[in-house]
Amino acid sequence: MTDTKETIAARIRDAARHKTALQLLGGNTKAFYGRSIQATPLCLADYSGVVEYEPSELYITARCGTPLTAIEQIIGEENQMLPFEPPHFGTTATLGGAIAAGLAGPGRVSSGTVRDSMLGAEIINGKGEYLCFGGKVMKNVAGYDVSRLMCGALGTLGVLMSVTLRLLPKPQCEQTVVIAEAPVDAIHKMNAWALTPMPITATFHDGKSLYVRLTGSSSTIEKCQDEIGGERIEQSELFWIRVREQTHEAFASDAPLWRIQVPPSTDPLDITGPCAMEWNGALRWHATHTDASTIREVTRQAGGQACQFRGPAIEHVFNPLPSALLKIHQRLKHAFDPEGILNPGKMYPQF
Amino acid sequence: MRASLSELTKRFHQVLPEDAVLVKHEQLAPYECDGLTAYRQVPRVALLPATSEQVRAAVALCRELELPIVARGAGTSLSGGALPHPEGVLLNFARLNRVLEIDPQNRTATVEPGVRNLAISEAARPYGLYYAPDPSSQIACTIGGNIAENSGGIHCLKYGLTVHNIQALKVLTTDGEILELGGKHLESPGFDLLALMNGSEGMLGVVLQATVKLLPQPHARKVLLAAFSDVRDAGNAVAAIISHGIIPAGLEMMDHFTIQATEQYCSPGYPKDAAAILICELDGYEEELANQTERARQLLEQHQATQVRLASNEQEAEVLWQGRKAAFPALGNLTPDYYCMDGTIPRKHLAEVLEEIYALSGKFGLRVANVFHAGDGNLHPLILYDANEQGQLEKAEEFGSEILQLCVRMGGTITGEHGVGVEKLNQMCVQFNSKELQTFYAIKSAFDEHGLLNPGKAIPTLHRCAEFGAMHVHEGKLPHADLPRF
């Protein structure tokens with residue numbers, strides 16, 4: 001580690017003085033996500049290392065340049081995991097990048113998303129000021145929840161220096177069963193099971209078949225499988241990594257990939273092209289050449305949101321914000337980054 | 001110019017029904033304090049809107065007349081979050097108490113802010129669903145208040161706080177804008193303002209409607225009682241259970257003094273000679289439960305529990321919990337007044353912090369009882385005092401302040417679930433520096449430019465911190481030495 005928080009803060013102060021826009025870079029694995037921007041790179045991968053890990057306390061504090069693989073290995077040795085199962089999208093993925101992107105993996109419906117595990121964050125704002133929010137404990141209501149606000153902000157509010165995350169024990173056993181099921185029936189089944197206390201921790205539908213991950217003791221899994229039916233697959237853990245990293249064949253299409261969020265029980269959306277589903281139907285991946293406005297209209301009618309996850313540059317990667325919300329966003333951006341130098345335009349063209 | 005009371009009455013009557021505008025002292029008196037009774041203040045006006053439109057109209061008028069607004073649910077806050085402003089309006093949500101929709105397909109409930117916490121679970125019960133966060137005041141407290149405070153409860157160890165269980169909010173700003181945050185889908189683009197609203201103590205916006213996540217009711221539960229002859233062993237047992245991959249639905253500790261008081265009050269059958277007891281509740285899928293219960297029992301025994309008792313049926317489980325739930329009233333029986341603290345610390349420091357609290361008890365000459373959420377390190381030391389005795393309240397507050405500073409020193413926080421309110425403003429100066437506080441001010445003004453919502457709560461002014469800092473010198477250094485002194 002050659003960078004220190006002082007050197008990074010000095011670079012940000014310098015950029016603020018000269019109004020030089022900065023592009024925050026961790027492992028450069030998720031640059032495709034959000035709007036594409038041109039700015040001076042601020043490399044953060046060098047600020048790395050675990051600061052504190054207390055297995056019995058179920059938390060880890062690490063610098064944000066730490067590779068995700070390193071974090072997962074260290075906590076894996078203690079049989080613990082990051083509850084939100086973040087996608088890596090490349091071997092160099094960093095902790096900070098995962099937090100800033102705010103993307104959760106297959107276990108989202110059972111153990112929450114990135115912000116649900118966020119306990120505390122140390123950041124440098126756009127003025128080059130070093131600030132600490134939150135802490136190491138699960139319950140903390142002192143001051144506004146700035147550390148959660150950083151999750152998914154795409155680096156537009158501050159540079160994440162280190163974070164403290166809640167961890168979960170890994171389940172005793174995990175098994176995955178597969179059932180051939182049409183999309184509409186799969187949606188129906190996933191949402192019916194979600195009304196029961198069965199320990200289903202992930203679901204995935206690839207267009208033809210429904211995959212269900214069960215965790216717990218082996219007797220629990222057996223009993224649930226009796227209820228659910230289907231066949232067990234080999235190498236359950238690897239299967240879910242392929243879903244998470246989108247190396248599963250359901251993501252093979254070259255068409256732009258849309259990440260669509262709808263109420264989970266929503267019927268299949270009228271969008272051409274292949275569709276994969278996660279999170280009991282709440283997350284739909286559509287590979288399609290359909291134009292953005294049509295997709296947004298279909299999802300709006302379903303009560304949802306559409307984001308162009310991968311594809312050619314477009315003006316609005318995320319659903320445009322209503323004017324009242326946009327105003328609050330711009331004011332918050334100004335509060336954290338008055339010169340507008342941190343990843344400007346990464347999320348919305350207006351800031 | 002400050003409007004006269006008759007002028008205010010006239011203006012509010014133009015937008016609200018007559019019985020929704022209260023101005024007489026005897027009508028305002030019920031609102032003079034919340035659960036933190038040491039602070040009292042009547043508002044100028046109290047309003048009882050019955051619809052979102054009436055709330056909008058009332059807030060617009062407050063904006064025009066520049067009247068501070070304090071929102072109030074059931075008034076159960078333990079930190080003075082709903083303490084009225086002397087120049088302002090108290091916005092009471094008691095009439096906005098409708099459950100608007102239960103959606104079993106998407107497992108959500110949409111409710112008005114004045115709906116009681118428990119009423120949501122009652123409405124969801126026919127579908128086999130419930131709302132998980134269960135603050136101890138759940139029969140009375142409202143969802144609007146829960147959101148303001150990011151309330152926890154006994155079962156939040158496993159099921160999360162309010163922030164983890166809110167899917168959507170409709171929020172009114174003092175600009176008169178309505179912000180739609182979240183939805184029945186899981187995530188929305190932009191900043192996570194939904195998370196920011198939780199725990200913001202009514203400082204950022206007025207919640208008009210909330211959509212909460214519903215969970216399937218667990219198959220079954222098991223409740224274990226373990227007794228220890230040393231507080232240290234009990235603390236270590238807590239850490240061991242969690243680190244062995246068991247996440248109990250609840251894991252509570254009571255110390256010797258609390259056990260005595262509770263036994264005297266309602267005889268739940270706790271071992272009277274124990275230095276501490278743990279109540280451990282496990283729930284979930286039936287098969288899984290037997291396995292986990294056995295592992296928890298073994299861990300408790302390995303950590304020198306002098307006895308471990310498993311409730312053999314639902315009735316016995318209820319009796320074990322009754323004692324825990326009666327602990328506060330039981331202690332209240334022994335003292336004219338008590339002061340309930342809410343610090344949170346990393347679990348590994350439990351025993352050490354408890355010992356230091358007992359030492360402080362000796363120093364201040366005030367008794368202290370500990371009954372708390374051990375699983376998440378959330379302490380609730382109760383300081384027993386008599387407000388009628390000269391100087392005791394001040395002494396109790398100073399004792400409490402030292403406990404909170406101890407929590408911060410141990411890597412914890414000054415408030416786990418009760419909020420800052422008016423009560424812990426000084427301790428905020430210990431936890432945050434002036435740059436961090438300035439960030440909070442900027443967030444506040446991004447939502448509430450004119451500072452009308454709950455002024456004076458939750459975030460201290462730099463001036464106040466400078467004054468507090470001047471009284472508390474740490475390691476020979478003044479905090480905020482760079483600040484001007486007034």
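**Figure 1. Chain A as a whole, with its 11 helices and 17 strands.** Helices (H or I, at least four residues) and strands (E, at least two) are DSSP runs, numbered from the N terminus. The radius of gyration of chain A, taken over C-alpha atoms, is 21 Å, close to the 20 Å that the globule rule (2.2 Å times the number of residues to the power 0.38) gives for 351 residues, so chain A is as compact as a globular protein of that length. The C-alpha trace of chain A spans about 65 × 50 × 35 Å along its principal axes. This is a predicted model, in which local features need pLDDT of at least 70 and side-chain atom pairs count only at pLDDT 80 or more, while totals for chains, interfaces and linings use all residues. Residues are numbered from 1 along each chain as its sequence is written, and chains are lettered from A and ligands numbered from 1 in the order in which they are written.

Figure 2. A residue is buried if 20 or more other C-beta atoms lie within 10 Å of its own, exposed if 12 or fewer, and partly exposed in between, with C-beta atoms placed from the backbone. By this count, 54% of the 351 residues of chain A are buried. Two residues are in contact if their C-beta atoms, placed from the backbone, lie within 7 Å. Of the contacts in chain A between residues at least 6 apart in sequence, 68% join residues at least 24 apart.

**Figure 3. The side of chain A that touches chain B, where 66 residues of chain A are in contact with 71 residues of chain B.** Helix H5 (114-117), strand E7 (130-134), helix H6 (146-150), helix H8 (218-228), strand E17 (305-310) and helix H11 (323-336) of chain A each supply at least two residues of this side, and H11(A) gives the most, with seven residues. By class, this side of chain A has 33 nonpolar, 21 polar and 12 charged residues, where Ala, Val, Leu, Ile, Met, Phe, Trp, Tyr, Cys and Pro count as nonpolar, Asp, Glu, Lys and Arg as charged, and the others, Gly among them, as polar.

**Figure 4. H11(A) crossing helix H16 (residues 434-447) of chain B.** The axes of these two helices, which are lines fitted to C-alpha atoms over the stretch in contact, with angles running from 0 to 180 degrees between N-to-C directions, come within 9 Å and cross at roughly 160°. That makes H11(A) roughly antiparallel to H16(B), a term used for angles over 145 degrees, whereas angles under 35 count as roughly parallel, 65 to 115 as roughly perpendicular and the rest as oblique. From H11(A), the residues A:Ile328, A:Arg331, A:Leu332 and A:Ala335 meet B:Thr439, B:Ala442, B:Ile443, B:Ala446 and B:Phe447 in H16(B). This contact has, by class, seven nonpolar, one polar and one charged residues.

**Figure 5. Chain B as a whole, with its 17 helices and 18 strands.** The radius of gyration of chain B is 23 Å, close to the 23 Å that the globule rule gives for 486 residues, so chain B is as compact as a globular protein of that length. Buried residues make up 55% of the 486 residues in chain B, and its C-alpha trace spans about 70 × 60 × 45 Å along the principal axes.
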